[in-house]
Amino acid sequence: MSEFSPGTTPSTTGINAAGLDTRILHFDSGEQMVQALGTNDEALQLIETSFPGVELQARGNELTITGPAADVLRTERLVEEIRSMAANNAPMSPQILDQLISMLKTQSAGRPSTALSVNILTSRGRTIRPKTLNQSTYVDAIDSNTIVFGIGPAGTGKTYLAMAKAVQALQRKEVNRIILTRPAVEAGERLGFLPGTLSDKIDPYLRPLYDALHDMMDPDSIPRLMAAGTIEVAPLAYMRGRTLNDAFIILDEAQNTTPEQMKMFLTRLGFGAKMVVTGDVTQVDLPGGTSSGLRVVSEILRGVPDVHFAELDATDVVRHRLVGDIVSAYARWDDAQANGHPRNGFRVGSA
């Protein structure tokens, strides 16, 4: 019986008369198997639920997998990925296991355990890392390009990961400051007509960026860094006329920029700077008839060197499992309406 490790072949007893394959995976010890699969049967039950027809039996330091040959091979690969994550001290939870299974079902290339084991930032005992292969590609693109567009639905981590990379760059002294901005489209950028101080006026639109910062940095240090100009959070209208050098600049909710605003923002790029633009082209809040700058720029800049477009989708949603299902359901409904074939009882204009 061969030792079970990524890249090796486990023991197999062959396919029986019923057409079921059986493989026996051998861990170094029972402790190693517990480290990978947990102390109860929750992980094994989730795997069996995800691969109907597969039966798992753990005994000592052996895991026996029985079922249809194709599903047994997929389950074997899944256990390899789990074991690799355990070896890298990456946390395992039902949510992460569910994501790992989804990644293996929808993507044939790449090692999910690699994507899920790369640490970007650790703050107050919490580690921020990519949780899908697309997220890992997105993070790698930020490292290797000057301008990156992260485009995808809610919950795909496009803004949160960009913020983590910005804080990482600041801590490593790769940049001197972080600039976070988003269009205050609900106020039509006419902030002067709103009551209160400047902070009072822009807070509702910038609050999600503040919340992310508090997850990644010591909250007590944020006011000091903002007072010193090391961190700046401001509406997009306040970027006009500036040149931003040695900065990590994030434009959030970019689908709500006009083409002119997008051009204005991108041309603020200075020496030693990096830009990440995030948005969801399915959630445009601009007045009717106004083109989204994010949609237009994807046609203009694709293929330009040092500019990367990272596409995230419902499989990359890392909020509650239902969020991904909701995003997919809305996408199907939108497609049906666009094609003139309403589905599931939904009709344009119906209550």
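How many aromatic pairs does the structure hold? The count is one aromatic pair, where rings of Phe, Tyr and Trp (its six-membered ring) pair if their centres lie within 6.5 Å, and planes under 30 degrees apart count as stacked, over 60 as edge-to-face and the rest as tilted. Phe149 and Phe309 are the partners, and their rings are stacked, with 4.5 Å from centre to centre and 5° between the planes. The pair bridges distant parts of the chain, since Phe149 belongs to strand S7 (residues 147-151) and Phe309 to strand S12 (residues 307-311), 160 residues apart. Helices (H or I, at least four residues) and strands (E, at least two) are DSSP runs, numbered from the N terminus.

This is a predicted model, in which local features need pLDDT of at least 70 and side-chain atom pairs count only at pLDDT 80 or more, while totals for chains, interfaces and linings use all residues. Residues are numbered from 1 along each chain as its sequence is written, and side-chain values use heavy atoms, with hydrogens and water left out.

Phe309 has another neighbour, as the charged end of Arg302 sits over its ring, 4.5 Å from the centre. For that label, NZ of Lys or CZ of Arg must be within 6 Å of the ring centre and within 35 degrees of the ring normal.

What about strand S7 itself? Five of its five residues are buried, so S7 is largely enclosed by the rest of the structure. Both of its faces are covered, with Ile147, Phe149 and Ile151 buried on one side and Val148 and Gly150 buried on the other. S7 pairs in the parallel sense with strand S11 (residues 274-279) over five bridges, and two strands pair if DSSP finds at least two bridges between them. Ile147 has Met275 as its bridge partner in S11. S7 also pairs with S12 in the parallel sense, again over five bridges, and here Ile151 stands opposite Glu311.

Another parallel pairing joins strand S8 (residues 177-182) to S9 through five bridges. In this one, Thr181 stands opposite Ala234 of S9. Strand S9 (residues 231-235) is mostly covered, with four of its five residues buried.

Now for the charges. There are 12 salt bridges, each a side-chain nitrogen of Lys or Arg within 4 Å of a carboxyl oxygen of Asp or Glu. One of them joins Asp252 and Arg182 at 3.5 Å, N to O. Asp252 lies in the loop between strand S10 (247-251) and helix H10 (259-266) and Arg182 in strand S8, so this pair ties together parts that are 70 residues apart in sequence. Both Asp252 and Arg182 are buried. Arg242 and Glu232 form a salt bridge too, at 2.7 Å, N to O. Arg242 sits in the loop between S9 and S10 and Glu232 in strand S9, 10 residues apart. Salt bridges with shared partners also join Asp21, Arg23 and Glu76 into one network.

Helix H7 (residues 158-171) holds Thr159, which counts as buried because its relative accessibility is 18%. Thr159 and Leu209 are 50 residues apart in sequence, yet 8.5 Å apart in space, C-alpha to C-alpha. Helix H12 (residues 321-338) is the place of Ile326, which counts as partly exposed because its relative accessibility is 45%.

Methods:
Buried < 20%, exposed > 50% of the residue type's maximum accessible area, 1.4 Å probe, protein only.
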